[in-house]
Amino acid sequence: MEIPQKEPVHTHNLVSWKERISYAVSDFACNLSFQMIGTYLMFFYTDVFGITAAAVGTLFLVARIVDAIDGPVWGLLIDHTHTRWGKSRPFFLWFAIPFAIFCVLCFTTPNLSMGGKVVWAYITYIGVDVLYSAVNIPITSILPSLTNDTDERVTLSTIRQFFGTAGAIIVTVAALPMVNFFGGGNQQKGFFISVLILAIISAILLLITFANTRERIQTKSSRKSIPVKQSLKALKKNWPWAIVIFINFIYWLGMQTKSQVTVYFFKYNMHNAGLASLVLGLQIVALLAVVITPAVAKKIGKRNTMLMGMLLAIVGQLILSIGASQLSVAIIIVATLVGYLGTGFVSGLIAVMLADSVDYGEWKNGVRAEGIVTSFSSFSAKLGMGIGGAVTGMILSAGGYVANATQTATALRAIEQNYIWVPIIGFGLSAIALLFYKVDGVEDKMQADLAAKHQKENEEE
């Protein structure tokens, strides 16, 4: 295959605004489709397609077992890919359309028996999950190849997160109105048409990312296939990577339990399902946090910025518990604003800290393996989301939840546990893990050492 030409190691200001935006729309595209799945698929399965909550919870858990294999496999495939477009970039071209197709299939309702419905759900959900990794892992794995400038990475990740959050807001606010508009009272039809539109847009945007991004950081090791054993060496004693992966797992476990029962909470606990779109739309405040993340991180460090976000998220959940107990919409809105402000600081930095762990792995172990190192980001997030989905299903089932019925006090408490208390556990454990993250203190020396190493390698070739 054609080998990319070497380019200078120092890449300050090489990422144009056209490329920044093209990179960012990749996350916008993923969130348009996958946010629909993460927020509404469980509700769709139980209240529209007619599958029990327990069966859905089991499905989500089984899908995570598959992810234990497919995430790292995609990472290894990236590390073994060498084309004229680079290592990560071609995956947007190859898998944008298959991902979009399976998104639509997830919200398709064929006339089947209960067993047939469960089988259909397994095939389509696991399929979209695997294909999501194919287009989402490259978003993170390509970042270390776009630039080696720390501030530029924060900027790129911030712009990406801004667009990703915007995509999530659009879906969470517009999804149910779209379903009602296109369905005209038929939720099966409404969900299908809505997801079809979102999936087409997603595929187009991922192809734009492919067309306009460039992998310019080329090292001696990244220009050749890395054996699996050597790739795994990049993870040896890579504590920053281990910490970020744990945070990504436990954070998304808590976030998923909350997002999946948002519609349930407002439909059954607050007796107004329409409030779900309003409250989810308050994610716009997260954009404020995303915008100021680079400045805050430059001032107090990436670790401290994320830690502040986790603490704000915990405070938001505690305020939410008061609002839920008093059935106060005003208090719930305040709590939601505080919580989204906190998660805005968190979401913009995870990809940056993973990119730093790629550098750390090379610095400590001499191996630069962008694919395998960053692939665990998607794996850990989806594992957390899947276990979160299983926890949600088990708690709802244990509480006696019955779809489209008046819920018992036990069922209402089960919904509240998912919406308020499980996320607090996730945010709290993440905050504790961050106390052990020490990369900010050695970053300048690490980057200087790597720049010298890359320069020497290029001169020797």
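These numbered points comment on a predicted model.

1. Confidence. The chain has an average pLDDT of 86. A score of at least 70 is reached by 93% of the residues. Residues 1–12 fall below 50. That stretch still has 28 contacts in the model beyond near neighbours in sequence.

2. The largest nonpolar core. This core holds 89 residues. Tyr45 and Phe191 touch the most other members. Helix α1 (residues 17–49) supplies the largest share, with 17 residues. As background, nonpolar side chains in soluble globular proteins tend to be buried together.

3. A second core. A separate nonpolar core has 36 residues. Among them are Ile247, Ala313, Val358 and Val439.

4. Helix α14. This helix covers residues 329–347, which is 19 residues. From first C-alpha to last, α14 reaches 26 Å. That is close to the 27 Å expected at 1.5 Å a residue. Its buried residues include Ile332, Ala335, Thr336, Gly339 and Tyr340. The run from Gly342 through Thr343, Gly344, Phe345 and Val346 to Ser347 is buried too.

5. Ser145. This residue sits in helix α5 (residues 143–146). Is Ser145 buried or exposed? Ser145 counts as buried because its relative accessibility is 4%, and the cut-off for buried is under 20%. Not counting residues up to four places away in sequence, Ser145 touches Arg214, Glu215, Arg216, Ile217 and Glu370.

Notes. Residues numbered from 1 in each chain as written. Predicted model: local features only at pLDDT ≥ 70, side-chain atom pairs only at ≥ 80, totals over all residues. Heavy atoms only, no water. Helix = DSSP H or I, 4+ residues; strand = E, 2+ residues; numbered from the N terminus. Buried < 20%, exposed > 50% of the residue type's maximum accessible area, 1.4 Å probe, protein only. Contact = heavy atoms within 4.5 Å. Core = buried A, V, L, I, M, F, W, Y, C linked by side-chain atoms within 4.5 Å. Expected span 1.5 Å × (residues − 1). pLDDT = per-residue confidence, 0-100.
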